[in-house]
2 protein chains.
Amino acid sequence: MSRRDLHDRMAHAIRFLAIDAVEAANSGHPGLPMGAADIATVLFSETLKFDATQPTWPDRDRFILSAGHGSMLLYSLLHLLGYESLPMDELKRFRQLGSLTPGHPENFVTPGIETTTGPLGQGISTAVGFAMAERLMAARFSADIVDHRTVVIASDGDLMEGISQEAIDIAGHMKLAKLTVLWDDNRISIDGPTSLSGSTDQQARFAASGWTTLAVDGHDPVAILAALKTAYASDKPTLIACRTVIGFGSPAHAGSSKVHGSPLGAAEIEATRKALGWEAGPFEVPQDARDGWLDAGRKGVAAREAWQARFDALPEADRAEFERRMRGELPSAALAEAIAAVKAKAVADGNAVATRKSSEIVLDAITKAVPEMIGGSADLTGSNNTRAKGQKAVTPDDFDGTFIHWGVREHGMAAAMNGLALHGGVIPYSGTFLAFADYSRPAIRLAALMGERVVHVLTHDSIGLGEDGPTHQPVEHLAALRAIPNLLVMRPADTVETAECWQIALEAKDRPSCLILSRQNLPLLRQADAENKAAGGAYELIAASSEAQVSLFATGSELSLAVEARALLEAEGVPTRVVSVPSFELFLARPLAERRAVIGKAPAKVGIEAAIRMGWDSIIGSDAAFVGMTSFGASAPAKELYRHFGITPQAVVGAALEQLRQS
Amino acid sequence: MSRRDLHDRMAHAIRFLAIDAVEAANSGHPGLPMGAADIATVLFSETLKFDATQPTWPDRDRFILSAGHGSMLLYSLLHLLGYESLPMDELKRFRQLGSLTPGHPENFVTPGIETTTGPLGQGISTAVGFAMAERLMAARFSADIVDHRTVVIASDGDLMEGISQEAIDIAGHMKLAKLTVLWDDNRISIDGPTSLSGSTDQQARFAASGWTTLAVDGHDPVAILAALKTAYASDKPTLIACRTVIGFGSPAHAGSSKVHGSPLGAAEIEATRKALGWEAGPFEVPQDARDGWLDAGRKGVAAREAWQARFDALPEADRAEFERRMRGELPSAALAEAIAAVKAKAVADGNAVATRKSSEIVLDAITKAVPEMIGGSADLTGSNNTRAKGQKAVTPDDFDGTFIHWGVREHGMAAAMNGLALHGGVIPYSGTFLAFADYSRPAIRLAALMGERVVHVLTHDSIGLGEDGPTHQPVEHLAALRAIPNLLVMRPADTVETAECWQIALEAKDRPSCLILSRQNLPLLRQADAENKAAGGAYELIAASSEAQVSLFATGSELSLAVEARALLEAEGVPTRVVSVPSFELFLARPLAERRAVIGKAPAKVGIEAAIRMGWDSIIGSDAAFVGMTSFGASAPAKELYRHFGITPQAVVGAALEQLRQS
């Protein structure tokens, strides 16, 4: 069989597995797998470096299907290449409960999937993080050990999403030469031809950001291979515009939006079989195609073995460090020691500092203890206080740094952070203002869904930021972040709690964290307990002078306000305790009896947070009082705003006494 | 005085008012007003069409400062041009509580401000909506009546935000020739030179999307004027890259990030006075500059009077229609009649339909009754069901349509919708999946802050969308949207409620709405009451057979599930009532006594929604039971998912009986 014939057979095997699985599920997207099968076949059989028997080989090339709706392309490939985890039975259970073949690719479900995609624009942007991680790890461990590519198939929709521009900007600026984007240029989106809504010259757009750009016939394997070789030789990231026909092979629907997201139906499947000369039945793979793909799946074995030999020849300390990092384990003891030292010094100093500054103090210590931490900021470095002493900036020509200037690109930053974490070997953290977490929300959600350790430092966390006004003042953002499943939201009250929250964030290997920090100075309230008290989510900071009549619950900048209110209440003869609540999620995960003990039995309860009440009832109950915000903020000095919106010790006292009267 | 000298004096007046106000507030951003003063002076004194005595003249040019942190540029201009609403005293109260000069420009605070900016990227994207509105209104009322420009000053940060790419794509595709963006190309962002984080060739980037691009010295008034004339003559939108020096005039800080967001300080202000030859004291404007600006403020009077004469010559019906639309008033009676007819027919038909389809049925009727409605979808037209019968698509060459294909650009769409609403004369609505509301969240928040009537149709509202899996299944999105102040979130349960919610959305002149709609079919549950029952936020759908032991509360697709559960409970002898809760916000705005009457006194209460509990306690109390989601969803057919996650009538019955036992 000629090389071209074999190519066609292999590509058709992808096409028909996709057609059959979508048909069986009566749901799914056959158009992309059919259209992009030729690109994928060249990529996986000729250029990508991987070993199907070792899906987690650290130096494998990373492949990302940004257009996640074409998941059957990935599942077909993994199955055909011989990934043991994906037998044909799983393809037959496409989109069924508990299968390894969900509607969109989920890296936490299916071995061999690098990242979860589906929300458009995320894959291409996450890929930037993968490509950066490769360069960062190569700078640390040498190109002998870390030298692989990140290759993306992206759709028209991916390129329409604004996040893709942020990704393109960052990748071009950073000269991520080992990043290659194959654009499935089929000129069809769900509404019809892409000309309905856009006329951007994508090659010119990528070129404007410093990319090499090429265009090929996406059904010509020779041209695709030549383009990939050019891309691989470039010193810049490369876009290859692959002109394809969506639903290639379907006589009635090829080139039409009808084939994007609907099963072909029995008659059209039969017509497609005839058109493509495909004799096999549903879910059957002819032996020639099967053999071609199994060969492709084994091609990387030699490269992987050669890599292993190089790796084994490393000094033991380097091997151990590499393996520790790739396992995502923290350096034993070093972090805990650094945290303990920060807590002790904070208590000794007793200074009032903003928790964003507390975080900087913590970072000065822990970035030394945990050298795989990669910091950054979306152009607010001095405001987020995310750059630790001695952190060198990463530049296009030098990846031996640990701090990234992301520019005003919160969304691209958050997606790239996901890629850094998914690649492994580094722990990304970065900052912006809490109000602008809205910009990165889709990527933060994906981190929570995937269970990735990324740390978002979100400063200027309330009306306490003052004069910048309501556009910059978070009011609903704490609630909105707490709403995301598996996301850890922590709002520490002083330097000791900030240190504890950083420790929790780094030790939470399987979930993202948000550290919610103040712009304004806050007094030190804690002693340097050996115990990480924040880890329980809530704890009694100050007991009542006798049996408590009032329990005050507060987070972050409002904890000191609760302490002031307690003094006023105690002065009036009302025994009052104060409970610090740095994290709802950690608290709510505890057994009911423990929670009840922390909540206590005082007849009056008041929650205090310079934000909306939503979510608080799960802690204090809907009968408790709450002192916080019920509207957007305003532009004025912070102290005036606290008075204006009635978030004062006096208001807390009033609310507590009113509760007592009613009880 | 030479023209150039007068220009300099006028520009310096802006600079020093900005310097003085920031110094007085000890907070703010002098860098941009100082750097962009020359651009603004040319623009406002030579080319913009406006009349300072009539800030709301419908045919004025719209000016948008996308870089909202430079708000003192705007306030200085408005004051100098003679806007009566902004006397010098207000400039002295920059960033103080209750002033007309908040930290970032707020259109709802300061007459003459077109839109709220500050979150970067929003201004330039909102401007696209303004420019589209102009073309839509011109197509309806002729270019004699509607013929104005939209001019933006945008910063480096605006162009780094991904949303700007979506805006650029849309504007270029739609050939919005009357949109001009003046890029304040000062090459400085907060972290330092923009070369730290980017190297995109912005002119090439805009050109790739079909824009005319020019570059000028941003301190050369002759060059700026010439560029504006070229831009105004172009048949495409135009980017003018204006090379400027941030903090122009400050000997020590010009060209440095230090001047971006901090007061200059007394010594440096004095040095700047010397450098620019400025003799006036703080908040003083020399007479020559004052006269020059007042002349500029009066230049538009003749144009406005000529417009008024043309307008007065229109047929009375056209005048009335134009004025009605610009006031934002609905056609009297027509909407209510259309809604009543839809409700009656839905009840007569009795069909089970998805609420997204119900919404389409409503739209078929009301887009005829309310012709200023401009629909759209982010490339999910057939899934969001937002295109009504007979709605013609808007195309680059024909704005006589009422439906916009936005492409996969949720964020740019939402910002442009804000611009459409702010311009006036049209009422924008558009659709995407609820999960992707996260992409447009920053723009939705701004709509809520500004109090603009935009309607977001958000379909596929739960695990009920089925096989697409957790990336596409909203779980926390209802809570996250309900968290935004002033946003109306409505989740109707059948066609009757959907019609009522549409009526509420259109009649809510001063707030945005989200209509949360199902993918799956839902039975008709309501009678065609004349009353808009959804307007109360919650109401009893079915009474208990005798004194209620159980109250079931549900929204949207879970209301029919509550009805099923009620039947089971009543069959077991437990009198049970069902309360429909289409909108939390509307319900919580009612007097306590009314709310208590709706909530009722049944000892057992159960909330039911295929989403997280957050927010529900404000309705049913934290002691009530809740049947919903506590994690991300999964990929499987919808019915299986409801079973898998335990959202079934049986689960509701179990929760209700357990509550009864405990009561």
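The structure is a predicted model, in which local features need pLDDT of at least 70 and side-chain atom pairs count only at pLDDT 80 or more, while totals for chains, interfaces and linings use all residues. Residues are numbered from 1 along each chain as its sequence is written, chains are lettered from A in the order in which they are written, and side-chain values use heavy atoms, with hydrogens and water left out.

**Interface of chain A and chain B**

- The contact (heavy atoms within 4.5 Å) takes 93 residues from chain A and 93 residues from chain B.
- About 7,500 Å² is buried between chain A and chain B, and carbon and sulfur atoms give 56% of this area; buried area is the accessible area (1.4 Å probe) that two parts lose on being put together, summed over both.
- The interface has 6 salt bridges, each a side-chain nitrogen of Lys or Arg within 4 Å of a carboxyl oxygen of Asp or Glu.
- R95(A) forms a salt bridge with D468(B), with the closest N and O atoms 2.7 Å apart.

**Annotated site in chain A**

- The UniProt annotation "binding site", from an unreviewed entry, covers D156(A), N186(A) and I188(A); such annotations may be inferred rather than shown by experiment.
- These residues spread over 33 residues of sequence but cluster in space, the largest C-alpha distance being 7.6 Å.
- N186(A) counts as buried because its relative accessibility is 10%, the limit being under 20% relative accessible area (1.4 Å probe, protein chains only).
- I188(A) is also buried, at 13%.
- Leaving aside neighbours within four places in sequence, N186(A) is in contact with residues including D156(A) and R243(A).

Definitions and conventions: Buried < 20%, exposed > 50% of the residue type's maximum accessible area, 1.4 Å probe, protein only.
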